[in-house]
Amino acid sequence: MTVAIIALVSGKGAPGVTTAALACTLTWHRRLVLAECDPSGGSILAGYLGGALEGRRGLGEVAVAELRDGNLEAHFWSQLVDLDAPKRERLLLPGVVDAAQAGSVTPLWQRFADFFVTLERGQPPFDVVVDCGRIQVGNPPWPLLRAAATVLVVTGARLADLSAARGAIRAIERDFTDHRVPPGNLRLLVVGDGHPKAEISKALKLPVIGHLPDDPRTAEVLTHGGTVRSSRPLMRAAGALEVPVHSLLDRRRARLTWPTAEVGHAV
Ligand SMILES: Nc1ncnc2c1ncn2[C@@H]1O[C@H](COP(=O)(O)OP(=O)(O)OP(=O)(O)O)[C@@H](O)[C@H]1O
Ligand SMILES: [Mg+2]
């Protein structure tokens, strides 16, 4: 079973990146860490978890500790929140809470990216779902996007949403070309009502990997807290995304590892 970094990102607006990332984390059948790496801040601790935990916890604390003593790995595990206690199978790394924390995190994106890649090979292995926030605001966490096995560009399905997504896609493609990231890992994740998937894919020249329905009741719970039911349309659709996402990762991994193996034999 392929495990990997799966990054979610948007153009601008709030199409539902955090909601989608959380819904996937709560429904997929694999060990997952949801890392809130939106530079403009995390929202799950205060929202879905209702501020249930005392004190600061998460990415910002790991960053400060890493800058202090360079032991990111040890601090990382102590800063996670178990979303499915006591199983420790669905873990949250809460995002930053203020500008000072954001300042500590920015120089460490590459360090986090390198570390997240090692989680794929850990015992047990974890997938990392990364909420990267909006591309067109401030400074997105580029090293995490470049390290991701797949980047899901989350977009609404209306005309204005598509123009926001188009800008984000072009910015990502430019960056990936400049940094020699192998092509083919970008996909669209469409949220809500509007144009059909085929039209969106044609307009943005990118395959659509899935669709999450407009489901305000469930989204409200994921955003502000409460009990989420797996039978709700949003949770079912998020759960159903696991198959196309992982078959994409399996196909990409097979393609990317073949040439390496061949070179190895030739030498
Ligand atoms: N599938 C959905 N159906 C209905 N409402 C949704 C859905 N997904 C998200 N929402 C609602 O839209 C709003 C924005 O969602 P969310 O915070 O996930 O967006 P975002 O893209 O992460 O935004 P930001 O860039 O500000 O972090 C929230 O009020 C959320 O409840
Ligand atoms: Mg968000």
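I looked up S10 and found the residue buried, at a relative accessible area of 1% (buried means under 20%, exposed over 50%, partly exposed in between, with a 1.4 Å probe and protein chains only). The model is predicted, so I kept to its rules: local features need pLDDT of at least 70, side-chain atom pairs count only at pLDDT 80 or more, and totals for chains, interfaces and linings use all residues. Residues are numbered from 1 along each chain as its sequence is written, chains are lettered from A and ligands numbered from 1 in the order written, and side-chain values use heavy atoms, with hydrogens and water left out.

**S10 and its strand**

S10 belongs to strand β1, residues 5-10 (strands are DSSP runs of E with at least two residues, helices runs of H or I with at least four, numbered from the N terminus). Leaving out residues up to four places away in sequence, I listed its contacts as P15, V17, G133, R134, I135, V154 and A168 (contact means heavy atoms within 4.5 Å).

**The sheet**

I traced an open sheet of eight strands with mixed pairing, ordered β3-β4-β2-β5-β1-β6-β7-β8 (two strands pair if DSSP finds at least two bridges between them). β3 (81-82) and β8 (208-212) are at the edges with a single partner strand each, so one side of each has no neighbour in the sheet. I then checked β1 against β5 (residues 127-134): the two run parallel over five bridges. I6 faces V129 of β5.

**Ligand 1**

I counted 17 residues around ligand 1, of which T18, T19, R134, D215 and T223 come nearest (a residue is near a molecule if one of its heavy atoms lies within 4 Å of it). By class, the shell holds eight nonpolar, five polar and four charged residues (Ala, Val, Leu, Ile, Met, Phe, Trp, Tyr, Cys and Pro count as nonpolar, Asp, Glu, Lys and Arg as charged, the others, Gly among them, as polar). α1 (17-27) and α9 (216-224) supply at least two shell residues each.

A nitrogen atom of ligand 1 is 2.9 Å from a backbone N or O atom of D215. An oxygen atom of the ligand is 3.3 Å from a backbone N or O atom of A219. The protein covers 74% of the 640 Å² of accessible area that ligand 1 has on its own (Shrake-Rupley method, 1.4 Å probe).

**G210**

I placed G210 in strand β8. G210 is buried, at 7% relative accessible area. It touches L188, L189, V190 and L241, not counting residues up to four places away in sequence.

How values were computed: Polar contact = N/O pair within 3.5 Å; in protein donor to acceptor, adjacent residues only side chain to side chain.
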